[in-house]
Amino acid sequence: MGDSELCLAMDSIAGEFGSGKPIESDDEFDFDWLSARACGYRLLQRLFFCELGQEFADVVASVDASKEILFEEAKASCGQACVGLQEAIAACVSNRDLLDKERSEFMRLFVGPLAPAAPPWESYFRDPDQVLFGEVTLSVREFYRACGLAHDGRLNEEADDHISLELDFMARRSQECLDLAERIKKAELECFSSNECNVSCLSNRMHTLMDEQIRFAAEHLAAWIGDFSELLKRESRSHLYRNLGALAAAYIRCDMAKMKRWKEDE
Amino acid sequence: MNKNHEHYQGALVSRRRFLRATTAAGVAVAACGVTGLHDIAVADGKSTDSEEGTWIPASCTCVCGSGRCVNKVLVKDGTIIRQKTDEMFEDTEWAPQLRGCIRGRSQRKSVLGVDRLRYPMKRKNWQPGGGESSHGELRGVDEWERITWDEALDLTASELNRIREQYGNDAICGGWAFGPARLLGAIGGAVRAWGSVSLGAWAGVLDPMTGTPYMTMYNGAGSINDRLNFRKAKLIVIWGANPAWSAAANAIHVLKAKQAGAKIIVVDPMCSDSAIAYADQWISIRPSTDTAMLLAVAYHMIENNLQDQDFLDSYCVGFDSDHMPEGHEGEENFKDYVLGTYDNTPKTPDWASEICGVDAAVIKALAEEIATTKPMSFVSGYAPARTYGGEQYCQAFLTVGWMTGNVGKAGACVGVSSNTNAFNGGPMLIQQGADGLPAFPNAVQPYAYAVKTAPPAEDTNWHGPVADEMWESVVSGKYTAGTRGEQPIKIKAITHFNTGNPLNQMPNLNKGIEAHRAVDFVVAVDYFPSTSVRYADIILPLSHPWEQWGSFAGINVLNRENFSWGSRVIEPLYETHDDLWIETEVARRMGVDAQSFAPFSSEQCVFNTVVGTKVVKEDGVTYENLAQVTEDDLEEFAKLGITGTPQDGRVPILELKQQGVYRVERSENDNFGYIAYKDFVDDPEANPLNTESGKFEICCPALSLKTTAYGWTELPAIPKYQVPKRGYEESKEGDYPLQLITPHYMRRAHSIYDNNPWLREAFPQELFINADDAAARGIEDGDVVECFNEFGRVLRHATVTQRLHPGVVAMGEGAWARIDEETGLDVAGATNSLQGCFPSGQGTQCWNTNVVQVEKSNRSLDEDYLVEPRVIEETKE
């Protein structure tokens with residue numbers, strides 16, 4: 001799904017929310033968590049995806065990021081990094097030089113042309129030979145494939161284990177979970193009897209997606225994000241990327257704990 | 001959970017809005033190569049490869065000179081799993097397997113490394129237009145932006161166009177004269193540095209003295225016997241060669257000769273890994289003093305009448321006054337020079353010992369041994385000729401060899417052995433075809449790498465500095481042009497298209513950085529951020545030969561017995577493109593007709609090369625097509641847009657492609673052996689050499705004239721010891737008491753692989769220093785030391801050893817310089833950081849003639865494998 005399609009899809013979802021119908025909260029779904037993580041993963045994904053742009057900085061600066069992305073259990077360990085991150089981004093809004101600096105810093109840390117100071121690939125941290133496009137890339141690609149996903153590029157245009165792609169996996173799945181929860185809730189509210197099959201399908205799907213995320217985090221993302229964050233802390237010359245690394249590591253840790261708890265509760 | 005509904009409602013709306021905004025906000029250029037994931041149909045989700053994967057023949061892309069060892073790569077699901085080497089052929093006495101060395105076997109670490117160049121990049125503060133806007137002073141320290149291919153190609157072409165129109169084509173420097181340079185030719189030419197480079201003075205000496213065309217008989221391969229013939233020698237003297245590092249696959253030929261009974265004597269400032277493996281005796285000698293030692297060997301032979309006088313009288317000119325070349329009677333002859341007739345200095349072993357540091361007794365013993373042991377093979381590497389005035393070494397070496405009469409017979413030869421022909425001389429048994437691309441001669445500088453086509457010194461139509469002077473000339477605006485003397489030059493752009501890593505690999509690296517900072521524009525094409533790339537304005541990322549259907553490095557016959565065809569192993573990484581594509585795109589934007597520049601694809605080039613390749617028949621004289629092509633094959637190739645005609649040949653072309661290697665089978669009494677100069681020795685009247693006299697020229701007036709005409713040094717027609725600049729004599733007097741040699745190192749092939757993490761760990765860029773010299777400076781093994789002279793200063797760990805002649809330090813050439821801007825220190829240890837501008841002879845770079853000082857440093861230095869690209873500790877699970 002391209003950016004514009006995604007955007008349209010979300011417009012329609014947001015429209016549902018905006019309809020004014022009250023949304024019940026119960027033991028089944030923690031909407032605080034589900035909605036926050038959808039935002040959180042998307043924000044992280046976008047910040048690791050490319051250098052900071054003016055438009056994106058404006059978006060982040062115009063909201064209270066902590067409020068949007070931190071679910072209850074993440075507030076304690078992620079709060080500081082999240083505030084730091086937002087401050088660093090907000091500082092760029094009115095200061096073109098600072099924005100340029102952060103853009104160059106992104107190149108230095110993650111792109112090149114010199115060896116990236118903080119290589120943003122799982123392979124770099126976990127491949128026994130420390131090569132990209134090796135066994136780790138392959139296993140991530142196979143994971144996506146088993147989940148019915150593939151990256152948008154030509155083969156080898158990017159390694160599947162680039163942090164932005166791994167975060168895209170979580171962002172996509174967490175948003176789908178939010179949507180599903182929403183639809184289940186709505187179906188239950190409207191007319192349970194005529195939708196019983198539908199609800200159980202949606203519910204099964206929700207479980208499948210959550211399982212995928214738990215496995216993906218355990219087998220991949222969470223297995224290296226800590227080391228990556230440490231490296232970023234050492235190598236980064238900017239508050240933005242130091243905080244981004246810290247936030248990503250803490251956020252994924254909290255979310256993983258939460259996912260496991262959700263699973264156990266089910 | 002019981003939370004307030006209203007609160008949730010508000011939060012959800014806000015979060016949905018945020019989610020929408022973060023997803024939608026504009027993306028100029030995606031820094032991650034792809035935007036994200038998308039759903040796929042389940043049917044697409046299957047891996048196409050078998051569980052085990054597929055083995056694909058891959059090229060070994062380095063230029064070590066070994067001649068294409070077998071390299072195969074296991075690919076699964078488009079991903080490289082691992083490599084292996086030769087298991088196709090049985091390892092036999094006559095045909096050792098073509099096993100790769102650590103460099104070839106670790107190639108996967110390079111190709112898939114985190115430091116691959118991924119995208120076209122632009123230096124942040126560079127703007128086209130020249131002058132102030134180029135901010136040249138920031139090259140090497142500036143920040144970078146990612147740009148699109150179109151932006152990068154447009155900027156490159158428009159800036160080169162501007163410079164070409166404003167200043168002329170001779171304001172464009174095309175690095176040095178490696179590679180085909182079709183692009184530079186097509187745009188009207190460019191200045192390229194020339195020189196003998198790796199080959200040392202040999203390239204310009206072998207031809208006039210022996211009549212052996214240097215490059216047509218690849219790199220001196222015509223001057224020595226083939227590998228099986230070496231097994232017939234009783235004695236092999238190896239002067240300044242270390243194939244275990246510099247031509248690893250060929251070192252086994254010497255081992256086989258040793259097993260067959262040859263005694264091996266190695267003369268070298270370093271007890272090399274080769275010497276450790278096979279030498280019976282190591283004669284430790286000071287660098288750049290070989291000529292003195294050789295003269296003393298000659299003296300001892302003359303004094304004891306040990307020389308093969310019949311051979312000298314019949315086959316050589318210039319040894320004594322009775323055998324001078326026609327028209328030069330009465331001029332100085334070798335024997336009288338050695339005896340001291342002209343200068344009252346007999347070149348005795350005692351005289352030489354003072355200079356070369358070898359005991360007189362050892363010199364005498366060597367003289368006696370080589371004069372009395374037959375058959376004897378007398379073999380030189382390039383290194384002793386990669387010296388100041390290296391021509392004199394080549395003259396002396398050949399002369400002493402000829403004095404023993406060991407030429408043209410089984411087990412006997414006198415010549416140069418290195419690179420792919422190391423210990424395996426003779427014509428190519430497989431001759432590579434041509435790719436068929438049209439040539440675009442360089443109108444500004446028509447001369448290429450090495451003296452195969454170096455500028456005839458007396459000609460007046462050539463332009464361009466020798467490698468030593470290249471960077472100096474950019475800064476100073478002048479260079480030496482042979483008999484024309486100093487000429488003006490004004491370089492405004494430096495381009496590194498298809499030309500290697502010249503900033504790192506040409507002499508005077510620090511001056512080179514100054515030169516790169518002085519011009520309007522620098523563009524570099526590479527796989528990795530090599531030194532030349534670091535100081536560029538625009539970087540164009542190149543696909544690796546493993547990612548190309550075939551390429552120069554993919555298909556090559558360098559070893560006389562082997563043909564190697566590397567296939568595409570994986571799809572190109574990121575946004576990389578091959579040379580032909582990049583050059584065509586630049587050429588087109590500079591007004592060159594793309595169709596005439598690249599009339600067909602890279603794939604067609606490879607096909608042409610293969611179908612044009614010839615293999616020797618059993619008679620050892622005539623050749624036939626290697627590849628057989630049928631109509632069915634052509635149908636297959638047509639799918640790739642390749643056209644051709646059917647032809648007979650030895651191996652079906654698809655079988656050849658699948659195997660990736662073809663090897664001419666050798667056996668003891670086959671017709672593929674080679675004894676250098678045998679025809680001449682058998683019948684000198686019927687088969688004269690292609691020299692002025694038709695004989696070996698100990699006195700070689702043509703060599704003298706040609707060399708002197710280059711304008712740097714005068715070379716006598718007979719071998720003489722002339723004190724070199726930057727040699728032992730200077731080390732005794734000046735501020736720099738140690739001699740530096742810069743061997744080809746196992747970590748790299750020149751500068752290739754310097755970024756390979758395995759190799760960085762296995763072979764740190766160490767500074768080898770003799771234990772006595774270390775002790776005198778309070779240096780212990782592993783200490784951080786600074787090695788410096790007036791041209792630069794490097795920081796390295798010392799390796800204290802007895803394997804190096806006292807007074808000598810050694811560092812492998814090719815490490816990618818890392819200049820610390822504050823201190824000026826090169827913390828990577830590039831040897832050209834210490835190399836000044838000292839051109840000599842016929843454009844010979846004196847990389848083994850240099851003086852330095854070494855001091856213990858109080859600075860800290862990480863081990864090589866811990867820096868760029870660094871190795872990290874394993875994840876704790």
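Buried means under 20% relative accessible area, exposed over 50%, and partly exposed in between (1.4 Å probe, protein chains only). The views below come from a predicted model, in which local features need pLDDT of at least 70, side-chain atom pairs count only at pLDDT 80 or more, and totals for chains, interfaces and linings use all residues. Residues are numbered from 1 along each chain as its sequence is written, chains are lettered from A in the order in which they are written, and side-chain values use heavy atoms, with hydrogens and water left out.

**View 1. Salt bridge between Asp154(B) and Arg589(B).** A salt bridge is a side-chain nitrogen of Lys or Arg within 4 Å of a carboxyl oxygen of Asp or Glu; here the N to O distance is 2.6 Å. Asp154(B) belongs to helix H4 (residues 149-167) and Arg589(B) to helix H20 (residues 579-589) of chain B, so the pair links parts of the chain 435 residues apart. Helices (H or I, at least four residues) and strands (E, at least two) are DSSP runs, numbered from the N terminus. Asp154(B) is partly exposed at 40% relative accessible area, and Arg589(B) is partly exposed at 24%.

**View 2. Salt bridge between Arg227(B) and Glu561(B).** The closest N and O atoms are 2.9 Å apart. Arg227(B) sits in the loop between helix H6 (202-210) and strand S9 (235-239), and Glu561(B) in the loop between strand S21 (555-556) and strand S22 (562-565), 334 residues apart. Both residues are buried.

**View 3. Salt bridge between Arg126(A) and Glu122(A).** The N to O distance is 2.8 Å. Both residues lie in helix H7 (residues 122-126) of chain A, four residues apart. Arg126(A) is partly exposed at 25%, whereas Glu122(A) is buried at 0%.
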